[in-house]
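Here is a short briefing for a first look at a protein chain. Please keep the sequence and the 3D view at hand while reading.

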Amino acid sequence: MPDPAPGFSVSIDRSELRFSGEEGGRSASQLVIGTGSGPTPPSTIYTGGQDLGSALDRVLVQVVGEQVRFTVYPKTQLAAGEYKGSLRLFACADEPCARHIKGSPVEVPYTVSIAKGFTTTPRVVQMEAVAGATATATNIGVSLPPGASSYTYSTGGYPWLKVSNVTSTGFTLGTIAKAPGIYQGAVSLYTGGKAAILQVTYTVKPDGSGLTAITPALKVLNMNVTTGLTSEKVTLGVAVPSSGNALTTSVRYFGTVSGWLAVTPGAPGTLSVVAAATNLAAGNYGAELTLSAGGELFPVTVPVYVNVLPANWAIAGTSSLTVDGASKAADLGGALSIDIPNLPVQGWQASSNASWLKLSRSSGSTRTDQLGWTVDRAEMLKLANFTAHPAELTLSLASGKVAPLKYTVTLNKKLPELNFISPHTRLPGEAGTYIVRGRGFDSVADLEQALGAGAAAASKITRVNDTQFELAMAPAQQGEAVFSLSNALGANTGSVALKVVAQPALAYAATVTEGSKGGLVFDAERQALFTVNKTLGALMRFKRNGANWDASSVSVPGIDTVALSPDGASLVVTAAPGQVVLLDPATLVQQGSYKTMYIGSEPLNSLPRSVMRNDGKLLFAGFTGEGSGGGMPYFDVSTRSFGSIGGSYGFGWAVASGDGSHINIVQRADLSPQPPMVTLDGTDSVAKPSKVGLTFWYEAAQSLRGERFAEGTYTVWDRDFNIIGKVALPDQNYFGRTPLFSPDGTRLYVLAYSINDLNPSSTVMPRVYIFDSSTRMVTTTNLPLLGSFDLADYPTCHNGSYGCNTRALGAISPDGKTLFFVGDAKLVVAPVPATLGASRALMQRVVLPAKR
């Protein structure tokens, strides 16, 4: 074969290679340098080496400049002995090395001498086991180097390897139980600065159970416990693969509260879990229970949620009692069952803060002992009537595990009571129906029996509602009839007295009294007239003294109106900007003063901005902020408190029947369209608009029972707003100012002034026209005129100027024989002449039955 590179050749620098080493170790490599010579080297040279023996591991070829370096490495882990062979080196012009360059190939003999060293036999171990089991290799030999008699060992990062039975010539190798898998590890041996390594492969096969992870029986633990107590034990089953170690637990708490979960080993394969709420308030708490069984198994977490229940008191039984007209002494009590359902039986203690509530015991046991209670009759009778009276029971546990409980027992005191009879006076020989007002009557089963001796004075008793009944009374010449209600508890429910008061004949009188006036009340018991002097800021009294009327007064700043309570025991006046004052009508001594948000006033002779109902409620123009709404405020004389009828209507001014059973109310006169006039009947407390579209008036009157209503001085209506007739003055020069009805409503008196003679020097006096209002007109519209008479004095100014208020205030005596007028000039007492015009006899008061 022709020379691939004529004139070029290669050579090496070694003719022999010698290696030396130690058993179990590595022998140092040897370097052979190849060099080329000649002028025409090939463009590419392929080099390599081939072991013709058995002791070489590899030959590393590197080209450095114009040299080729062959690094020769003997095999490692050779047994002690001498190994001979040849290394063939070559340089070729082609990759298959079919064309050698001159000087190639060349064979270099080698010798590898291995002295006895530090080794194990075998040097690589294959071990097998089933999951949950262990493996053991007992035939691991150790060869020590010359001069060594012992060695140390280490399993490094392979804790699953175990070395035992160590001698100078060998040891036993074992494993721990592992999960299925293939594990690589090593045992390192050391002596005299030398080391030997035993390579280990550990194959673990499944055990057939299929369990490869820690498996708790429950994914989540939900527990309930009562605050202050420890929960019942929850047993948690935990399955651990056979490859795992002993089960261990740890707890991580959610939130800031910790230490409440206890986990302890139970029967094999179980854990006992308990939640202690000793220091936990009611609420929800959470934690994470971690289950571990050695490093080869992943830990498993089980959420634990604890609902701490409040230890609430559970009280059942009678917690309220109503005492009324049907109550008996045996009814004044009740019993309470006491429990705390989330706790075992506990001892309790009880006390009351109310003198009227007496307890049957001061201590007992939950679920076992009832707590009885009774109402102390004497203490109960001291309490305000028609009021809810709460008593506070304090319940506590002797153990202190639960906070004390404040428990309320309520006594609703609604004993029937009598407040007023209206009217409260009658004339000698007068019969009729009288209205008794109070409250709680519905609880009285038999009114006649409850009235006892008083029932004998009445020919008939008619229940109207819970606050009203009527007495039909036969004539009496003198004295009084007293009524009271008895009850099984012996409680004083008040009394009302119907008095027989004779009305003496009164002579004409005129008393000077300057100043704007408000309201005029005639007190038949004391034969006195009361009015308000707004200019002087005083309540005035005119008391009959023979033919004269003695005047006295008491200062009430801002005074606006005056009324007499239904029993005649108190004068009730209103004063701006927000005060109601009670005074004794006999002495004018103040009985009390009560403030509210607002009360209106008017400096001139006023419209009636307050009226007294027969239940003792004074309605007035103002605002209290009490009750529902506030447009119909009142002051209750019985309870000395403010309230409101409520509803959507307002109170401007009003006129009441003489007995206070029927009230017609003007809301306002300055709006367009004008709001309707409303009525308020004594049988209820609901304001209703008039059925005939009435709106407002500036003067008005009602009869004693409300059978007749005068709308100004123009029209007369009955109680149900059927028109009786029109009022037409016969003299066109006169205009009506003040209407008054006879007590029975059969006569209408109209005080009139002459429009042509309004001057201080006029000799034309005011005139009183008398109309027959007893019968509804059928063929004519105007009421019949019975006659007229003139007064000798003007009660008001009469100068015709813009500032002169000619509206006089009026009242009438109970027998209908005397008219009273007052204004900013005089008080006029005017007896009605016995005969009028055609000698028509004066009509006497006849009390008609009350109309409901």
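Predicted model: local features only at pLDDT ≥ 70, side-chain atom pairs only at ≥ 80, totals over all residues.

A search of the whole structure finds 2 disulfides. The count of aromatic pairs comes to 20. Strand S65, residues 747–754, is largely enclosed by the rest of the structure.

- Most residues other than glycine have a negative phi, and most peptide bonds are trans.
- A cis peptide bond joins Thr121 and Pro122. Its omega is about -5°.
- Pro122 sits in the loop between strand S9 (119–121) and strand S10 (124–130).
- Ser422 and Pro423 are also joined by a cis peptide bond, with omega near -10°.
- Pro423 belongs to the loop between strand S34 (417–422) and strand S35 (425–426).
- Leu588 is not a glycine, yet its phi is positive, near 65°. Leu588 lies in the loop between strand S48 (579–583) and strand S49 (590–595).
- Leu588 counts as buried because its relative accessibility is 8%, and the cut-off is under 20%.
- Phe721 is another residue other than glycine with a positive phi, near 65°. The loop between strand S62 (715–718) and strand S63 (723–726) holds Phe721.
- Phe721 has 7% relative accessibility, so it counts as buried.

**Disulfides**

- Cys92 and Cys97 form a disulfide. Their sulfur atoms are 1.5 Å apart.
- Cys92 and Cys97 are both buried.
- Cys797 and Cys804 form a disulfide with sulfur atoms 2.0 Å apart.
- The torsion about the S-S bond of Cys797 and Cys804 is about 115°, so this disulfide is right-handed.
- Cys797 is buried, and Cys804 is buried too.
- Counting bonded cysteines along the chain, the disulfide pattern is 1-2, 3-4.

- Why is S65 described as largely enclosed by the rest of the structure? The reason is that 8 of its 8 residues are buried.
- In a regular strand the side chains alternate between the two faces of the sheet.
- Arg747, Tyr749, Leu751 and Tyr753 point one way from S65. Leu748, Val750, Ala752 and Ser754 point the other way. All of these residues are buried.
- Strand S64 (residues 734–741) pairs with S65 in the antiparallel sense, over 7 bridges.
- Gly736 has Ala752 in S65 as its bridge partner.
- The hairpin of S64 and S65 has 5 residues between the strands. Gly745 in this hairpin takes a positive phi near 80°.
- S65 also pairs with strand S66 (residues 767–772), in the antiparallel sense over 6 bridges.
- Arg747 has Asp772 in S66 as its bridge partner.

**A nonpolar patch on the surface**

- Which residues form a nonpolar patch on the surface? They are Val220, Phe254 and Tyr305.
- Together these residues have about 250 Å² of accessible area.
- Tyr305 lies in strand S24 (residues 300–309).
- Tyr305 has 40% relative accessibility, so it counts as partly exposed.

**Aromatic rings**

- A pair of aromatic rings is described by the distance of the centres and the angle of the planes.
- The aromatic pairs number 20. One of them joins Tyr158 and Trp160, with ring centres 6.3 Å apart. The planes of Tyr158 and Trp160 stand at 75°, so the pair is edge-to-face.
- Tyr158 is partly exposed, at 32% relative accessibility. Trp160 is buried, with a relative accessible area of 6%.
- Phe620 and Phe642 form an edge-to-face pair. Their centres are 6.3 Å apart, with 85° between the planes.
- The pair of Phe620 and Phe642 links distant parts of the chain, 22 residues apart. Phe620 is in strand S52 (residues 617–620), and Phe642 is in strand S55 (residues 641–644).
- Phe620 counts as buried, at 0% relative accessibility. Phe642 is buried as well, with a relative accessible area of 17%.
- Tyr158, Trp160, Tyr183 and Tyr202 form one aromatic cluster.

Definitions and conventions. Residues numbered from 1 in each chain as written. Heavy atoms only, no water. Helix = DSSP H or I, 4+ residues; strand = E, 2+ residues; numbered from the N terminus. Buried < 20%, exposed > 50% of the residue type's maximum accessible area, 1.4 Å probe, protein only. Disulfide = S-S within 2.5 Å. Pairing = 2+ DSSP bridges. Patch = residues over 30% accessible without salt bridge, like charges linked within 9 Å, V, L, I, M, F, W, Y side chains within 5 Å. Areas by Shrake-Rupley, 256 points an atom, 1.4 Å probe, with all protein chains shown as cover. Salt bridge = Lys/Arg side-chain N within 4 Å of Asp/Glu carboxyl O. Phe/Tyr/Trp six-rings, centres within 6.5 Å; stacked < 30°, edge-to-face > 60°.
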